[in-house]
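Welcome! Take a moment with the model below, and then we will walk through it together.

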Amino acid sequence: MSDTAEIKANPMETRSALPPEETERLTTEIIAGLKTVFDPEIPADIYELGLIYKVEIKDDRSVDVQMTLTTPNCPAAGELPTMVENAVASVPGVGVVDVKVVWEPAWTPERMSDEARLVLNMW
């Protein structure tokens, strides 16, 4: 069993053996960590851009992250996954972090939050 935080759609589903308050703390702090990671070419964080598709907190406190990039040719493709891994791993209580870049579904601007749209002036 594990706790899956479906970022944007449903921040937390409690199916974990971890106590709910610990799962909630980890989820909140992981999201805060993800909000510190910026694509060097875009002045909005990757969380608000909608680049994080899924975060799964497992019973052993390891965390799996599925993310995408704005395009397969993104110049930051080599560094962003490592930045995400480091941001999540910096949360106290998090174990091993595994970040996978996925291409389905493809990222579109519709995935951005209102906050990102405001920063990028995309209304």
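What percentage of the 123 residues of the protein chain count as buried? The share is 44%, where buried means under 20% relative accessible area, exposed means over 50%, and partly exposed lies in between (1.4 Å probe, protein chains only).

Before going on, please note that this is a predicted model, in which local features need pLDDT of at least 70 and side-chain atom pairs count only at pLDDT 80 or more, while totals for chains, interfaces and linings use all residues. Residues are numbered from 1 along each chain as its sequence is written, and side-chain values use heavy atoms, with hydrogens and water left out.

Now for the overall layout. The protein chain has four helices and five strands, and from the N terminus their order is β-β-α-α-β-β-α-β-α. These elements are DSSP runs numbered from the N terminus: helices are H or I with at least four residues, strands are E with at least two.

Let us visit two residues. Glu22 sits in helix H1, which covers residues 20–34. Glu22 counts as buried because its relative accessible area is 16%. Its side chain makes a polar contact with the side chain of Arg25, at 2.8 Å; such a contact is a pair of N or O atoms within 3.5 Å, and within protein one must be able to donate a hydrogen and the other to accept it, with residues adjacent in sequence counting only if both atoms are side-chain atoms.

Glu85 belongs to helix H3, residues 80–89. With a relative accessible area of 34%, Glu85 is partly exposed. Leaving aside residues up to four places away in sequence, Glu85 touches Val97 and Val99, contact meaning heavy atoms within 4.5 Å.
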